[in-house]
Amino acid sequence: MFERKDLERLEKFRFEDAFVVSLFLNVSPQERKKQAYLSKFKNLVKALPEKTQSSVKEDIEKIESFLQSERESFKKSLVIYSCSKKELWVRYDLNVELKEDLIVDRTPYTSLLFDLLDNYQKYGVVLVDKRTARVFLVFLGDIEEYGVIEHEDVPGKHKKGGWFALAEKRYERHIDYHVKIHLKDVVDKFGDFLKDKEIRRLIVAGPDEAISHLMNMIPDEVKLKIVGRANIEKHASKEEVLKKVLPIIEEYEKSKEKETVSELITRALKNDNSVTGIDDTLKYLRERRVMKLVIAKDYEVEGFVCENCGFATTQPVECCMECGDCVMKSDNLLEKATEMAIEQSALVEVVKDEKDRQRLIEYGGIGAFLRF
């Protein structure tokens with residue numbers, strides 16, 4: 001799992017006259033069968049000019065050796081930055097598939113990872129009971145545990161009856177006092193965690209009673225970020241926590257997709273700072289007015305793209321309507337639109353749910369919310 005500060009540190013690294021290799025490779029179990037991922041890597045290398053291959057020969061050999069020896073530790077995709085001359089080796093294992101690429105330049109290619117940070121939600125999970133709280137971060141289908149908050153001085157329940165019954169109410173108030181101190185500390189530290197990691201979506205987990213107490217102490221602005229609750233045993237492994245929270249996340253994102261598609265179409269029909277259809281969307285992308293691009297997963301629209309200025313259209317033209325230069329046929333203008341949106345730092349949302357995807361396709365399979 002990576003963070004924005006990791007990428008910023010990488011960008012500030014001084015490569016001077018050295019080249020850095022940036023590799024994005026899918027290494028899912030399917031790709032690892034018969035080492036298909038290794039063949040893809042070799043093909044990416046062959047596609048480089050011979051002079052470029054020579055300049056990073058040591059890095060290419062190091063990466064190939066790594067791909068052959070470390071396959072058992074792979075997840076779905078792999079990102080590697082390598083610069084042997086500067087003794088740089090950075091590796092990220094991700095649980096999502098990426099567009100495969102191999103880039104050799106004097107700076108690392110980090111745009112793809114910055115895009116993932118901008119377009120995928122991070123989810124914070126707090127697993128709480130009366131004495132402890134564990135904090136997790138879920139991002140790109142992966143989970144990391146960030147810390148434990150413990151207050152061992154919270155007293156337990158005592159036996160009922162006899163002398164204990166006489167002091168029971170006072171003792172319960174004593175327990176409540178310590179539980180509140182514990183939960184206040186959890187709320188404070190969890191709040192700092194949310195700010196530090198730029199997390200906007202939360203899941204609270206634990207026994208119902210502990211969650212109920214916690215909800216009474218969480219500030220309203222934090223409550224608005226909660227997307228679900230889960231009953232999870234406090235000693236659960238992080239894999240067990242992930243298994244419990246992923247269905248909550250999927251359900252939430254599905255509901256957000258439905259909301260996004262409905263709002264986009266409604267506002268586009270009212271001409272309210274939204275458009276649908278590839279030609280109108282491309283027009284506003286050229287004007288750099290797109291705030292958020294919405295596309296249907298795996299949907300394709302053929303068209304033409306100008307080699308000179310990047311103008312794109314579905315209309316069959318021989319020359320660019322903007323600059324008059326030559327145009328090339330494109331198998332999928334949605335890829336062109338996505339590239340333009342990313343270059344402009346616009347958000348990109350891919351609609352995956354089949355029902356919402358089909359509804360968006362009825363309106364061209366693509367649309368955008370506009371800045372103005």
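Visitor: What volume does the largest cavity have?
Guide: The largest cavity has a volume of about 40 Å³. Keep in mind that this is a predicted model.

Visitor: How many cavities of 30 Å³ or more are there?
Guide: The count comes to one.

Visitor: Which residues line the largest cavity?
Guide: Its lining consists of Met1, then Asp93, Leu94 and Asn95, and also Phe139, Leu140 and Asp142.

Visitor: And how does that lining divide into nonpolar, polar and charged?
Guide: Four residues of the lining are nonpolar, one is polar and two are charged.

Visitor: How do you find empty space like that anyway?
Guide: A probe the size of a water molecule is rolled over the atoms, and this shows where empty space is left.

Visitor: Helices next. At what angle do H3 and H5 cross?
Guide: Helix H3 covers residues 36-46 and helix H5 covers residues 57-69; their axes cross at roughly 170° and come within 10 Å. Angles over 145 degrees count as roughly antiparallel, so H3 is roughly antiparallel to H5.

Visitor: Which residues make the contact?
Guide: From H3 they are Tyr37, Leu38, Phe41, Lys42 and Val45, and from H5 they are Ile60, Ile63, Glu64, Leu67 and Gln68.

Visitor: How many of those are nonpolar, polar or charged?
Guide: In the contact of H3 with H5, seven residues are nonpolar, one is polar and two are charged.

Visitor: Different topic. What does UniProt list for residues 256-372?
Guide: An unreviewed UniProt entry lists them as "domain: eRF1".

Visitor: How much helix and strand is there over that stretch?
Guide: Residues 256-372 are 36% helix and 26% strand. The end C-alpha atoms of the stretch are 23 Å apart.

Visitor: Where does Arg289 lie?
Guide: Arg289 is in the loop between helix H12 (278-286) and strand E11 (290-296).

Visitor: Leaving aside neighbours within four places in sequence, what is Arg289 in contact with?
Guide: Arg289 is in contact with Tyr284, Gln344, Phe369, Leu370, Arg371 and Phe372.

Visitor: And what separates Arg289 from Ala346?
Guide: Along the chain they are 57 residues apart, while their C-alpha atoms are separated by 9.1 Å.

How values were computed: Residues are numbered from 1 along each chain as its sequence is written. This is a predicted model: local features need pLDDT of at least 70, side-chain atom pairs count only at pLDDT 80 or more; totals for chains, interfaces and linings use all residues. Side-chain values use heavy atoms; hydrogens and water are left out. On a 1 Å grid over the protein atoms alone, a cavity is a set of points where a 1.4 Å probe fits but cannot get out, and a pocket is an open set with protein on both sides within 12 Å along at least five of seven lines; lining residues have an atom within 4 Å of a point. Grid points are joined across faces, edges and corners, and a volume is the space filled by probe spheres set on the points. Ala, Val, Leu, Ile, Met, Phe, Trp, Tyr, Cys and Pro count as nonpolar, Asp, Glu, Lys and Arg as charged, and the others, Gly among them, as polar. Axes are lines fitted to C-alpha atoms, for helices over the stretch in contact, and angles run from 0 to 180 degrees between N-to-C directions. Helices (H or I, at least four residues) and strands (E, at least two) are DSSP runs, numbered from the N terminus. Angles under 35 degrees count as roughly parallel, over 145 as roughly antiparallel, 65 to 115 as roughly perpendicular and the rest as oblique. Contact means heavy atoms within 4.5 Å. UniProt positions are given in the numbering used here, feature names are shortened, and annotations may be inferred rather than shown by experiment.
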